[in-house]
Amino acid sequence: MLPLTEGEQQLLLQIARRAIEEGVPGERRIRLEPGSGSLCEPRGAFVTLRLAHALRGCIGHVEAELPLCETVAECAVAASQHDPRFAPVTAEDLAELRIEISVLSPLADILPGEIEIGRHGLLISQGFRRGLLLPQVALEWKWDRERFLAETCCKAGLARDAWRHGARIQAFTTQAFAEQQDERLFEMPNAAGGAPAVK
């Protein structure tokens, strides 16, 4: 699966911005014209919103069910309006809102000792519970491998050591990029989350 070009990254950021702007006044569904290329391939993705450098919303699809452009539009609206941790984004927020997109690789089972901080995101599941954290979360919080595993278990509502006791550990990589005030793209370090999931 080829990485997105800079032009494709810019287009996805524009799609996310338009979706958020159109979604703020109401619940209008974003309609996108069919296209071709990487943006129309089914891919999982997360959209993260920041306001004054603080997290303002993060919603994503782990499974590759929709074309990437539709996934990004849907997750952008969900992150801005339906993240249960935050009030909906308002029109007044839009000018200062910064959009980050993480495009996910397919999930793969991984052993704890194979996890690379900064490269791998984690999905840990047991029974009906599952939790996901993006690769950049471990970097931001300066976690080591065991802390990353424990925090992902907590995200799933499991015991912190569930990864030692039969929980399934899956990893993925991301290609992550974001808006900048000068409209240039920014890539996270080591850029290589069914229903929407919350970061």
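How many helices and strands does the secondary structure of the protein chain come to? The chain has four helices and 10 strands, where helices (H or I, at least four residues) and strands (E, at least two) are DSSP runs numbered from the N terminus. Along the sequence, the pattern reads α-β-β-α-β-β-β-β-α-α-β-β-β-β.

The model is predicted: local features need pLDDT of at least 70, side-chain atom pairs count only at pLDDT 80 or more, and totals for chains, interfaces and linings use all residues. Residues are numbered from 1 along each chain as its sequence is written, and side-chain values use heavy atoms, with hydrogens and water left out.

Of the 199 residues in the protein chain, 49% are buried; buried means under 20% relative accessible area, exposed over 50%, and partly exposed in between (1.4 Å probe, protein chains only). The chain exposes about 10100 Å², of which carbon and sulfur atoms supply 53%. Accessible areas come from the Shrake-Rupley method with a 1.4 Å probe, and for residues only the protein chains shown count as cover.

The whole structure has zero disulfides, a disulfide being a pair of cysteine sulfur atoms within 2.5 Å. Two cysteines are listed here.

| Cysteine | Relative accessible area | Closest cysteine sulfur |
|---|---|---|
| Cys75 | 1%, buried | Cys58, 8.8 Å |
| Cys153 | 0%, buried | Cys154, 7.1 Å |

The sulfur of Cys75 is too far from that of Cys58 for a bond, and the sulfur of Cys153 is too far from that of Cys154.

Gln170 lies in strand β7 (residues 168-172) and is buried, with a relative accessible area of 9%. Apart from neighbours within four places in sequence, Gln170 is in contact with Leu107, Ala108, Asp109, Ile110, Gly121, Leu122 and Leu123; contact means heavy atoms within 4.5 Å.
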